[in-house]
Amino acid sequence: MCLRFFTWCSVCFMIVPALAWAQHPNSKAEQALRNEMERQSRREAGQLKRAGWKVMPNKTSIEQQVRDVRFMEAATHDQSGERLYLISSSCASDSSYLKARRKADMSARDKMVQHVISLIYNNGAEDARSTGEQEMLQSIAENGTVTSAHLQYVVPVLECYRMDRDGCYEVLVTIRADYARTCKIINAVLHQKK
């Protein structure tokens, strides 16, 4: 009994430090990447502020919003390595903040749909050349078969504004959507219409 316990303890004392040492270089690389992303997001937030962009009262600061967007762009699924989010941005102007925001949001959604269609379109590009699928997918995209309603779990993650000389609001909106679910649904819609 004592010999088993001693063997178990010695194995644990050898394996645990080895595992910790093996993970140590990864944590340094991750920390370096994290620091670089922090630096980039601070730089981008500074550029936005210098260009006159502001946030509405009671909203998260530009720095925090930009930081969140950068980390969402880099987020991947642990096992598969697949991206977690689709990110899209757009800017629109109008005399009313709410109208400008709505225009920017709809434009960002449309851009995201086009991006997903192009992802699906480009993934099957080699097979599609012989079957004519490229032309069909392109015509489906142009005919409006796939709309922003097919995007899954859309959430605004960055929203800021500035006013021009004419008193119009210019609103910048960045949205995110679930990558895997959105691609799966849009892919099903595109291939259902063939």
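**Entry 1: the model**
I'm working with a predicted model here.

**Entry 2: the length of H6**
I looked up helix H6, which runs over residues 179–192. At 1.5 Å a residue, its 14 residues should span 20 Å, and the end C-alpha atoms are 20 Å apart, so the two agree.

**Entry 3: the sides of H6**
Which residues of H6 are buried? I found Tyr179, Thr182, Cys183, Ile186, Val189 and Leu190. They cover an arc of only 135° around the axis, so they sit on the same side of H6. Then I checked the other side of the helix, where Lys184 and Gln192 are exposed.

**Entry 4: the start of H6**
Which residue caps the N-terminal end of H6? I got aspartate 178. One of its side-chain oxygens lies 3.4 Å from the backbone nitrogen of alanine 180.

**Entry 5: the largest pocket**
Next I went looking for pockets. The largest pocket holds about 240 Å³ of space. I wrote down its lining: Glu30, Leu33, Arg34, Met37, Phe71, Ala74, Ala75, Thr76, His77 and Asp78.

**Entry 6: where the lining comes from**
Helix H1 (2–50) and helix H2 (62–74) each give at least two residues to the lining of the largest pocket. H1 supplies the largest share, four residues.

**Entry 7: the kinds of residue**
How many residues of the lining are nonpolar, polar and charged? I noted five nonpolar, two polar and three charged.

Note on methods. Residues numbered from 1 in each chain as written. Predicted model: local features only at pLDDT ≥ 70, side-chain atom pairs only at ≥ 80, totals over all residues. Heavy atoms only, no water. Expected span 1.5 Å × (residues − 1). Buried < 20%, exposed > 50% of the residue type's maximum accessible area, 1.4 Å probe, protein only. Arc of directions from axis to C-beta. Polar contact = N/O pair within 3.5 Å; in protein donor to acceptor, adjacent residues only side chain to side chain. 1 Å grid on protein atoms, 1.4 Å probe; cavity = no way out; pocket = protein on both sides within 12 Å on 5 of 7 lines; lining within 4 Å. Points joined across faces, edges and corners; volume = space filled by probe spheres on them. Nonpolar A, V, L, I, M, F, W, Y, C, P; charged D, E, K, R; others polar.
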